[in-house]
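Visitor: I am new to this structure. Please take me through the terms used for it and what stands behind them.

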Amino acid sequence: MAHAGVKARSRRRESVFGERFAVFAECLLTGVWIAVACLGVVTYPAAFAAGARHLRRRTTHEDGGLREFVADFRAAVRGGWLVGLAGWAAAVAVWVDVLAARAGIPGGPFVGAVGVLALIGLAVALLRAAAVWTPGRAWRALLADAGRRTVLDPAGSFLVVCGLAVVTLSAWFVAPLAVPVLGAVAAAAVAVEERYRHR
């Protein structure tokens with residue numbers, strides 16, 4: 001009888017490990033899907049939204065694969081491409097600030113630092129918005145709500161920043177490694193949003 005109990009506990013431990021490993025593998029695969037969907041340059045918000053929705057389905061044991069990811073991406077890109085364009089415009093503005101700081105313009109370093117911090121905040125808000133996106137929801141409302149959560153939940157926002165840092169470091173050391181890690185960033189944003197929802 002005791003032997004059967006040990007066996008059951010061992011099976012449970014193995015199944016939990018197997019499930020967690022399967023989720024990790026799914027994150028890496030989703031990262032590849034996100035990277036391919038980002039090739040449209042302004043499609044990165046929609047790519048992350050579709051990836052996050054796929055991972056939410058996976059963690060709630062719903063069916064869904066590449067076909068559902070593509071359908072979500074098509075739905076998200078309708079308004080998401082404008083968000084992507086605005087994001088690139090913000091990145092260019094920050095790059096100009098950084099160049100001004102390097103050129104020695106008075107107040108340049110302060111303006112550059114503020115610009116970089118603002119860009120990081122925008123990236124976190126975008127990822128948090130993408131993590132809760134569902135078909136039919138307007139990006140403007142999603143971003144406004146995500147901006148508030150970014151400020152009100154600094155611990156969660158910091159975790160998303162850490163995810164972005166991992167992608168940046170991966171790209172710095174081994175560029176191809178950054179591709180699957182994108183899925184881990186989407187998973188981190190989903191986990192942060194779930195944590196915030198259950199607070």
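Guide: The term applies if the near helix is turned clockwise from the far one by less than a right angle, and left-handed if anticlockwise. This is a predicted model, in which local features need pLDDT of at least 70, side-chain atom pairs count only at pLDDT 80 or more, and totals for chains, interfaces and linings use all residues. Residues are numbered from 1 along each chain as its sequence is written, and side-chain values use heavy atoms, with hydrogens and water left out.

Visitor: Which residues make the contact of α2 and α7?

Guide: From α2 come Phe 48, Ala 52, Leu 55 and Arg 56, and from α7 Leu 182, Gly 183, Val 185, Ala 186, Ala 187 and Val 190. Contact means heavy atoms within 4.5 Å. These residues divide into 8 nonpolar, 1 polar and 1 charged. Here Ala, Val, Leu, Ile, Met, Phe, Trp, Tyr, Cys and Pro count as nonpolar, Asp, Glu, Lys and Arg as charged, and the others, Gly among them, as polar.

Visitor: Why is α2 called roughly perpendicular to α7?

Guide: The axes of α2 (residues 44-59) and α7 (residues 178-197) come within 9 Å and cross at roughly 70 degrees. That angle makes α2 roughly perpendicular to α7. The term covers 65 to 115 degrees, while angles under 35 count as roughly parallel, over 145 as roughly antiparallel and the rest as oblique.

Visitor: What makes α4 and α5 oblique to each other?

Guide: The axes of α4 and α5 (residues 139-152) cross at roughly 120 degrees and come within 8 Å. The two helices are therefore oblique to each other. The crossing of α4 with α5 is right-handed. Their contact residues divide into 9 nonpolar, 3 polar and 2 charged.

Visitor: How many aromatic pairs are there?

Guide: The count comes to 2 aromatic pairs. Rings of Phe, Tyr and Trp (its six-membered ring) pair if their centres lie within 6.5 Å; planes under 30 degrees apart count as stacked, over 60 as edge-to-face and the rest as tilted.

Visitor: Why is the pair of Trp 33 and Phe 69 called tilted?

Guide: The ring centres of Trp 33 and Phe 69 are 5.4 Å apart and the planes stand at 50 degrees, so the pair is tilted. Trp 33 lies in helix α1 (residues 2-37) and Phe 69 in helix α3 (residues 66-102), 36 residues apart.

Visitor: How do you know that Trp 33 counts as buried?

Guide: Its relative accessibility is 13%, so Trp 33 counts as buried. Buried means under 20% relative accessible area, exposed over 50%, and partly exposed in between (1.4 Å probe, protein chains only). Phe 69, at 4%, also counts as buried.

Visitor: What makes the pair of Tyr 44 and Trp 88 edge-to-face?

Guide: The planes of Tyr 44 and Trp 88 are at 85 degrees and the ring centres 6.0 Å apart, so the pair is edge-to-face. Tyr 44 is in helix α2 and Trp 88 in helix α3, so the pair ties together parts that are 44 residues apart in sequence. Tyr 44 counts as buried at 17% relative accessibility, whereas Trp 88 is partly exposed with a relative accessible area of 44%.

Visitor: How many helices and strands does the protein have?

Guide: There are 7 helices and 0 strands. Helices (H or I, at least four residues) and strands (E, at least two) are DSSP runs, numbered from the N terminus.

Key: Axes fitted to C-alpha atoms, helices over the stretch in contact; angles between N-to-C directions.
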